[in-house]
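I opened the notebook today to look up how the strands pair up. Here is what I wrote down, entry by entry.

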Amino acid sequence: MSSSIPTLTQGLKVAFIGNDYEKIASDFNLISSNLVDSDAAIFIVSANLGISDSDKNLWNQARDLYIPSIILITDFESGDIDFDDMALIAGRILDPLVTPYLVLHSDDGKPIALIELETLKLFDYSSGKREIKPSEPEHQELVIEFAAEFRERVEEFGPTGFQDALHFPAIPYLTKLQMGKIETLEYLAQLPTRS
């Protein structure tokens, strides 16, 4: 089963911040807004480049304004730092993050799927489109501790923790596969406009 792209609230303003923010905003068919006027912020964190001081300052500004924020982690497929490592690093530099998805790799090490920790569904991107499949028992065994930790973090801030700008999802994003796009839009679709 494949998935459709979620529809955002009309007029939702999203600030894209970080490396290649204009290209990634274009991938989402959105134009980046000024942070102060935004309903949500997407911080792009490259596993190769890390987080700049200016992006960290904008993160702090988003926290002061209680703007719901998502961290898209890019460039994790080719470097020494993978998605999980970069999510931990970003969580130390910014604020603790939640990882609702983990990346699964093919036998040759290429990222090809996400496993959703809430439902343990598999989102297979190997064909270039998201195909929803049940995960295998061995996948479930590998992620059981991560899933328990994710549930604890979500319970800590309640079901509206993201909308209330209290918890911050880190989502793996690969442009060439569109991996992470639907997952990010599903979070954004939960938000009303602030104006």
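**Entry: the antiparallel pair.** I began with strand 4 and strand 5 (residues 111-116), which run antiparallel and are joined by five bridges. For my notes, two strands pair if DSSP finds at least two bridges between them. Strands are DSSP runs of E with at least two residues, helices are runs of H or I with at least four, and both are numbered from the N terminus. I also looked up H105, and its bridge partner in strand 5 is P111.

**Entry: ground rules.** This is a predicted model, where local features need pLDDT of at least 70, side-chain atom pairs count only at pLDDT 80 or more, and totals for chains, interfaces and linings use all residues. Residues are numbered from 1 along each chain as its sequence is written, and side-chain values use heavy atoms, leaving out hydrogens and water.

**Entry: the turn.** Strand 4 and strand 5 make a hairpin with five residues between them. In that turn I found G109 with a positive phi of about 90 degrees.

**Entry: burial.** Strand 4 (residues 101-105) is largely enclosed by the rest of the structure, because four of its five residues are buried (under 20% relative accessible area, 1.4 Å probe, protein chains only).

Entry: Next I followed four strands that form an open sheet in the order 1-2-3-8, with parallel pairing. Its edge strands, strand 1 (14-18) and strand 8 (170-172), each pair on one side only. Strand 1 pairs with strand 2 (residues 40-46) over five bridges in the parallel sense. There, A15 has A41 of strand 2 as its bridge partner.

Notes: Buried < 20%, exposed > 50% of the residue type's maximum accessible area, 1.4 Å probe, protein only.
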